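Reader: I have a model open and a few things to ask about it. Can we go through them one by one?

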Amino acid sequence: MKKIILICIVLFWVPLMVSAQVRVLTGTVTSSKDGSSLPGVSVLNKTAGGGVATDMDGKYSIKVNKGDLLIFSFVGMKSKSIEVQGQTKLDVALDNDSEVLDELVVIGYGQRRKGTIAGSVSTVGKDVIDARPVVSFDQALQGQVSGVQITTSSGEPSASSSVRIRGVSSISAGTAPLYIMDGVMITEGDFNGLNPSDIENVSVLKDASSTSIYGSRAANGVIVITTKRGKYASKAKVSLRAQYGKSYMMDNKYDMMDSAGQLELEEYIGVRAGGSNTVKELLKTNVDWKDLLYHSGTTQNYEMSVAGGGENVSYYTSFGYFSQDGITLRSGIDRYSARANIEARANTWLKIGTNVSLSYSESETTESGGSTQNPALAAMVTKPYYNPYTANGKLVEYWETPNNANPLDGITKHPQGGSSFKMVGSLFLELKPIENLTIKTLGGIDASDIRSSSKSLPSYFMNNNGGIINGSASEMFARTYRLTMTNTANYMFKLDDLHNFIVLAGQEAVKLKENSFGARTEGLTDDRLSFIGAGTIPKKPSGGFSSGYSYMSFFGRVEYNYDYKYYVDLSLRGDGSSRFGKNNRWARFWSIGSMWDAKKEVFLADNAWLTMAQLSASIGTSGNSEIGAYKNRSWVSTGPIYNGVGGMTVDTSDPGNPDLTWESMFSTNVSLKLGFLERYTLKAEYYNKLTSDMLMDVPISQVTGYSMGMKNVGKMRNSGFEFEVGGDVLSRNGFTWNLNINASYNRNKIVELYDGAESYVENGAGTKLQEGESYGAFFLTRFAGVNPANGDGLWYDKNGQVTNVYSDENAVLLGKSYYAPWSGGMNTVFSYKGVSLSAYFSWMKDRYLINNERFMIENPGGEYVARFNQSVKLKDIWRNPGDITEIPRKDVEAQLDDRWLEDASYFKLKNVTVSWDVPKNWLAYTRIIGNVRVYAQGQNLFTLTKFTGFDPEVDSNMSIGRYPSSRQFIFGLDLTF
């Protein structure tokens, strides 16, 4: 009986004793640097399991036992482990971790901590990308990374940019980098559908060690985009953003004739009789067409995102609306976007997740180039004495002759635009069957439906042909999808605590399919019924043909380091492509990289002022297969009709080449990285890239029935230097000044052309391919001025002798190219107690462009004076013997010579931002709002350049009627709850 009573007593008191040891521990986690509270800190009970996260005020509450080990961890901070004693309150201050703050670097099929890789990788974080209200993220990268040149094809809101890494490595094949977003391949066409605010960081992979793992698609470099994620065991963070601004035309350097000047010139040239009543009447009008065809545009951007997670689930979702009006008539874009990134830890060995981005956009576009329905060109060349409106306020259709059509009427009656639906998504499954082994399967899709339309309304006067109203409408539809399936196995292990290995093996398949269809009708009779179904004259439809390609790849990488001081990585990839014939579908690519972390050597370990010293080198190969899907085959075309029956014929555009294979690039890279006083960094790199077996369209004998064909011929070299320097120049009493500068030099050289040819003139481009010269080298006849005695135009012949006869045969290489060898950027930030002023600049040097606009407005010969308003420079036209001028006499027509070639080097202030972060103690009273940031921005504030056109930032060898970039002023508000 006593034993039973004793057992009951024990059973009653033991739970009480155990429960007495369990207590609730509370506290606040702050930053040791400034004492600010840290929301979202993970507090993990390593002994008992489970954990919590701090709230918006940095406070936490967790059940513990005496002796439990708590781990406090937060991104950018050093983790801290504390054993619980008898306390009920525990405040913790976390220290900044400079290594963690340097963030993880994304590499091919993985990520590593910065400072532990041999490859050349530059990362641009979300702070830079978020800071600029642009349509696509690539525009925010300008000037941010050494060796990367970004130019825009147009200032139109929906236009995309051209990105080149370490020069141009191909002549006829693609020159764009490979883009990977969350493991899925995308293209430049996807950029306008992506919300830049969803991007966590962008990594630019430049050398063989970092790109060869992507093999056949990596010759032009790789850009890896990582989107934002939620955090496990963290409170939901709601972010709101609102931006509103206005856009204006940048400075116009063209000084055009007024009515009096233009009419006087026309009388002198002889295209108009002087002193007539018509001239007197025209002198009453003096229109500045820039005021009619340009206007201010509005930019609006509204976003909401929610990020967070539970113990086993993390999520990030966002919604956005972006709208930007162009600065000319009928141009602008509206985009709606949504994203969901979700991860779930099903158990300790299985994680699943999805990343999905959806967007829908509508855009309105204008004509471009030399058309007078291009508002950018029409604003310049339309004559000022033409009144666009009749006395009763209606638009004039044309003046005097149909060649002088009213651009306002033409632009209004030729609407064009389109819509686009894009989806980029992936599903992944990640297994950890044993310790340190991760197996991952990812399936992704990049899909788009694009529709475009173009109309010529029946009321347009040119459509009224002999009383027959013949308006037209055309529609185009294109559907593209690219499927990606990637399987990888990653294993990490150590030997003797000194030898560290990471082994990666993988397989990948990519399949692309695209279809397009176009229809056109004529015979529209009513502007209100301007769709293709309203036409009475159907035209033959186009497209309907499916195209596509596929890749199959196998790859592997081995990384080794000894005691985290000496690093070596080796990669190998085998790629097969349907773009090449059966005998050449497979190729191998490889790389070897090494890095020495000298700072961890004994002789430097105690050096206080040198905080980083790393020397890296790599060699390897990569490839380029960016050509048409069926270049290895000859084609037949449909279209000919014989006796009312459709037929087929040989397509003479391309003979096909079954022996085509990959372009191959062999590259080397040497890099030195230094850090000083934990405040300053310096990075210097040298690279050399040789492209061989280039995929080139070359002339072939026309007796074959073809004029051009693609072959693997020629070699091209790119070599150069890159420099990056930055850090906190000043940090004192709450004031900091951060400065980062980068510069790069690239020397491009054509080493070998084709079939023994040493040179090849590119028709109509003013350029020439020449062994020993750079790609894009200008080849023009040199203008020698004007003969004062008789007003003749003068040119140099090949031997440097002056002649008054122009000839293309006297063209010479000028030692100038439209690809800039020098480029760079600068970022600077001043901040003091929540107030920040930032500015960033970009520049290019020794880049040249043909200004074809000047050819049209500084040309006294031919029909140009009769059709177009002219520059005031023509007031200096040669008139009398002895005149010293650069404008020949009135009957000398201008030629495409080097007079129009201009230095398009530039230095731009791309962005200035002034912001204020509302003090947190002001917000504490709301108990809801965590952060408030208000700011004002200016974009494209000034440009220093010798180029006389609208904008030197042209992705071409020639500028004609380019839609100019705009100057923008944006006001914004960011809220975090």
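Reader: Is Arg557 buried or exposed?

Author: Arg557 is buried, at a relative accessible area of 5%. Buried is under 20% relative accessible area, exposed is over 50%, and partly exposed is in between, with a 1.4 Å probe and protein chains only. The model is predicted, so local features need pLDDT of at least 70 and side-chain atom pairs count only at pLDDT 80 or more, while totals for chains, interfaces and linings use all residues. Residues are numbered from 1 along each chain as its sequence is written, and side-chain values use heavy atoms, with hydrogens and water left out.

Reader: What does the side chain of Arg557 meet in a salt bridge?

Author: The side chain of Glu559, at 3.4 Å from N to O. Glu559 also counts as buried, at 13% relative accessibility. A salt bridge here is a side-chain nitrogen of Lys or Arg within 4 Å of a carboxyl oxygen of Asp or Glu.

Reader: How many salt bridges does the whole structure have?

Author: The search finds 48. One of them joins Glu343 and Arg229, at 3.7 Å from N to O. Glu343 lies in strand E20 (residues 332-347) and Arg229 in the loop between strand E16 (222-227) and strand E17 (234-249), so this pair ties together parts 114 residues apart in sequence. Strands (E, at least two residues) and helices (H or I, at least four) are DSSP runs numbered from the N terminus.

Reader: And how accessible is each of those two?

Author: Glu343 is buried, with a relative accessible area of 13%. Arg229 is partly exposed, at 31%.

Reader: Which residues are linked with them in a network of salt bridges?

Author: Asp182, Asp198, Arg339, Lys351 and Glu430 are in the network along with Arg229 and Glu343.

Reader: What about Arg241, what does it form a salt bridge with?

Author: With Asp974, the closest N and O atoms being 3.0 Å apart. Arg241 is in strand E17 and Asp974 in strand E56, so to speak distant parts of the chain, 733 residues apart. Both Arg241 and Asp974 are buried.

Reader: Changing topic. How many cavities are there?

Author: Eight of 30 Å³ or more, from a search of the whole structure. On a 1 Å grid over the protein atoms alone, a cavity is a set of points where a 1.4 Å probe fits but cannot get out, and lining residues have an atom within 4 Å of a point. Grid points are joined across faces, edges and corners, and a volume is the space filled by probe spheres set on the points.

Reader: How much space lies in the largest cavity, and what lines it?

Author: About 320 Å³. It is lined by 22 residues, with Gln139, Thr152, Gly155, Asn940 and Ser965 nearest its centre. Strand E53 (906-917), strand E54 (931-945) and strand E56 (966-976) each give two or more residues to that lining.

Reader: How does the lining of the largest cavity divide by class?

Author: Five nonpolar, 12 polar and five charged. Ala, Val, Leu, Ile, Met, Phe, Trp, Tyr, Cys and Pro count as nonpolar, Asp, Glu, Lys and Arg as charged, and the others, Gly among them, as polar.

Reader: And the second largest cavity, how much space is in it?

Author: About 90 Å³. Its lining has 13 residues, and Gly143, Val148, Ile150, Gly824 and Ser842 are the closest to its centre. By class, the lining has six nonpolar, seven polar and no charged residues.

Conventions: 1 Å grid on protein atoms, 1.4 Å probe; cavity = no way out; pocket = protein on both sides within 12 Å on 5 of 7 lines; lining within 4 Å.
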